[in-house]
Amino acid sequence: MSDLNPARTRLALLALALGGFAIGATEFVAMGLLPEIARDLLPALAGEDPEAAIARAGLLISAYAAGVVVGAPTIAAFAARLPRTRLLMALAAAFTLATLASAVAPTFGTVVAARFVAGLPHGAYFGVAALVAAQLMGPGRRGQAVAYVLSGLAIANVVGVPLITALGQQAGWRVAYVVVAALFGATLLAIALLVPRVPGDPQATVRSELRAFRRPAVWLALGTGALGFGGFFAVYSYISPLATEVTGTALGLVPLVLVVVGLGMTVGNAWGGRLADGGAVRAIFILFAAFAGSLVLLALTASHPAGLFVGGFLVGGSAAALSPAIQTRLMDVAGDSQTIAAAVNHSSLNLGNSLGAALGGAVIAAGWGYVAPTWLGLALCVPGVLLAWAGAALTARSAQCEALPSTAPVPVGAR
């Protein structure tokens, strides 16, 4: 990649980030359109019990997350040998078709199926794009490369999701998905025109990629990511009732709260990438400390508008910073299984999404109030840090064993 000039490199990175932007839109836009989707696809239930209809429509979100969990390791393992640029184009094409299917599917069941299929390329795209970006940016900047690709996802929460949600509320949720499909089509074109051809790993096999899961450090890093983002989604999933019921803000200000959290995620993502380049383990501990402090601040000050906005910005920033650090850590401990290591991070993050939302809803249903998910997020930091510590200790012990001189007995005749 050394023959690329800086301008061409930036354009190639922007093409990769555009895919992240489109993925952020397709993943999160349904959250703001569930009432419209429920009324259209579940009219009988929506007429009898609107809350039950919206809850059932939430299966669209779960189906997408399930697709991410299944697709990330599967596609990464089977496609590691393929040329990476062509693979990214194929994944963008799959996103385009599956999102269009989501827009035109006639029944609730078929839309759920389309959302599952749309989630399949998610982790593989981010993983392969991160590897390509790392080659584009050169040695010593892998964390920043991961952050650059993820920046599209963070920016989508600031700009794309609110705008496409507003369009969907006015023109219909199907139109919103058509727009998202167009973003994926633009990504496919941008990658084809701007990203140089990058070969795959000719030595990779399904067995060699799956070998990563034999390494305990990989599982510990995945657990760290799931718990860290579980804590974030416990808060993020219920930020709207926190703002209206605890802070007392008007419902119309909730989108502004989401924008502030998204801005925090954008800043934090870049910060996390730079920290990861100085040592992924060190970055994870620093960022968990920052995340815990941000949660405490939000929990104690959420009753005041300034506390809500400042706390929301810091929670979003510190949580997003963890993602490139954890993905870099996975790539550090996965040995030669780099493609699957870069992809499965997103499986763990989506598990965290489901875990955090479910546990956050449980503490609210138990009558502990809308601040309770914030304290829950803080509690999830504890096992997250313990898993990170265990992974670091395991890696250090392995490095010490490799550095020890051989202690085999010297034959008597050789003395």
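## Exercises on a predicted model

About 1400 Å³ of space lies in the largest pocket. The model is predicted.

**Exercise 1.** Find which residues lie nearest the centre of the largest pocket, and describe its lining.

*Solution.*
Step 1. The lining of the largest pocket holds 35 residues. Nearest the centre are M31, G32, L34, S237 and S240.
Step 2. Next, list the elements. Those that give two or more residues to this lining include α1 (6-41), α8 (142-171), α11 (216-236), α13 (254-277) and α16 (338-365). Also among them are α3 (50-57), α4 (59-79) and α12 (239-247).
Step 3. Sort the lining by class: 22 residues are nonpolar, 11 are polar and two are charged.

**Exercise 2.** State how many cavities of 30 Å³ or more the structure holds, then describe the largest cavity.

*Solution.*
Step 1. There are four cavities of 30 Å³ or more.
Step 2. The largest cavity contains about 240 Å³ of space. It is lined by 17 residues, and L153, F229, M265, S323 and L349 are the closest to its centre.
Step 3. At least two lining residues come from each of α1, α8, α11, α13, α15 (305-333) and α16. The largest share, four residues, is supplied by α16.
Step 4. By class, the lining of the largest cavity has 10 nonpolar residues, six polar and one charged.

**Exercise 3.** Describe the second largest cavity by its volume and its lining.

*Solution.*
Step 1. The volume of the second largest cavity is about 90 Å³.
Step 2. Its lining includes A217, L220, A221 and T224, along with V281, I284, F285 and R329. L387, A388, G391 and A392 also belong to this lining.
Step 3. The elements α11, α14 (280-301) and α17 (372-403) each give at least two residues to the lining.
Step 4. The classes are nine nonpolar, two polar and one charged.

**Exercise 4.** Decide whether α5 and α6 are roughly parallel or roughly antiparallel, and list residues that meet between them.

*Solution.*
Step 1. Helix α5 spans residues 84-104 and helix α6 spans residues 108-119. They pack at an angle of about 165 degrees, and their axes are 8 Å apart.
Step 2. Angles over 145 degrees count as roughly antiparallel. Therefore α5 and α6 are roughly antiparallel to each other.
Step 3. The crossing of α5 past α6 is left-handed.
Step 4. On the α5 side, the contact residues are F95, A98, T99, A101 and S102. In α6 they meet V111, A114, R115, V117 and A118.
Step 5. The residues of this contact divide into seven nonpolar, two polar and one charged.

Conventions
Residues are numbered from 1 along each chain as its sequence is written. This is a predicted model: local features need pLDDT of at least 70, side-chain atom pairs count only at pLDDT 80 or more; totals for chains, interfaces and linings use all residues. Side-chain values use heavy atoms; hydrogens and water are left out. Axes are lines fitted to C-alpha atoms, for helices over the stretch in contact, and angles run from 0 to 180 degrees between N-to-C directions. Angles under 35 degrees count as roughly parallel, over 145 as roughly antiparallel, 65 to 115 as roughly perpendicular and the rest as oblique. A crossing is left-handed if the near helix is turned anticlockwise from the far one by less than a right angle, and right-handed if clockwise. Contact means heavy atoms within 4.5 Å. Ala, Val, Leu, Ile, Met, Phe, Trp, Tyr, Cys and Pro count as nonpolar, Asp, Glu, Lys and Arg as charged, and the others, Gly among them, as polar. On a 1 Å grid over the protein atoms alone, a cavity is a set of points where a 1.4 Å probe fits but cannot get out, and a pocket is an open set with protein on both sides within 12 Å along at least five of seven lines; lining residues have an atom within 4 Å of a point. Grid points are joined across faces, edges and corners, and a volume is the space filled by probe spheres set on the points.
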